[in-house]
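Thank you all for coming. I would like to talk today about charged side chains and how they pair.

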Amino acid sequence: MPLTREDVAGIADYARIALTDAELDEMTVYMNDAVALLDPIRQYDLEGVEPTFHPIGDLSNVMGEDVPDDAVRHLPVDVALSNAGASRDRSFRVPSILGDQGGDR
């Protein structure tokens, strides 16, 4: 079932992307082409195949512990913040994603 122009408009609205009418038509065609590329995958017989969270089965976390290591040279805070658009109290300042109700973070 192809995506409709209204489907794509809803996705764009959810992603907060403003599209002109021409862009909406173009994006509808583009997204339907992208979904069509998945058709060969849909042909697999998956009856009885249990879904997995990770393609390698039980593997859940391959990252190391997030703890300081004295053997590693750390970037000083003032150097890390030297290219920040804005900073406050040794932290990066970013725009609020909550709008007016969230205040300045």
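Let me begin with a definition: a residue is called buried under 20% relative accessible area, exposed over 50%, and partly exposed in between, using a 1.4 Å probe and protein chains only. What you see is a predicted model, in which local features need pLDDT of at least 70 and side-chain atom pairs count only at pLDDT 80 or more, while totals for chains, interfaces and linings use all residues. Residues are numbered from 1 along each chain as its sequence is written, and side-chain values use heavy atoms, with hydrogens and water left out.

Taking a salt bridge as a side-chain nitrogen of Lys or Arg within 4 Å of a carboxyl oxygen of Asp or Glu, the count comes to three.

Arginine 5 pairs with aspartate 21 at 3.4 Å, N to O, and this joins helix α1 (residues 5-14) to helix α2 (residues 21-36) across 16 residues; helices here are DSSP runs of H or I with at least four residues, numbered from the N terminus. Aspartate 21 is exposed, at 56%, whereas arginine 5 is partly exposed, at 30%.

Arginine 5 also meets aspartate 25 at 2.6 Å, N to O. Because arginine 5 lies in helix α1 and aspartate 25 in helix α2, that pair ties together parts 20 residues apart in sequence. Aspartate 25 is partly exposed, at 39%, and Arg5, Asp21 and Asp25 are linked in a network of salt bridges.

Finally, arginine 42 bridges to aspartate 39, with the closest N and O atoms 3.6 Å apart, and both lie in helix α3 (residues 39-42), about one turn apart.

Note on methods. Helix = DSSP H or I, 4+ residues; strand = E, 2+ residues; numbered from the N terminus.
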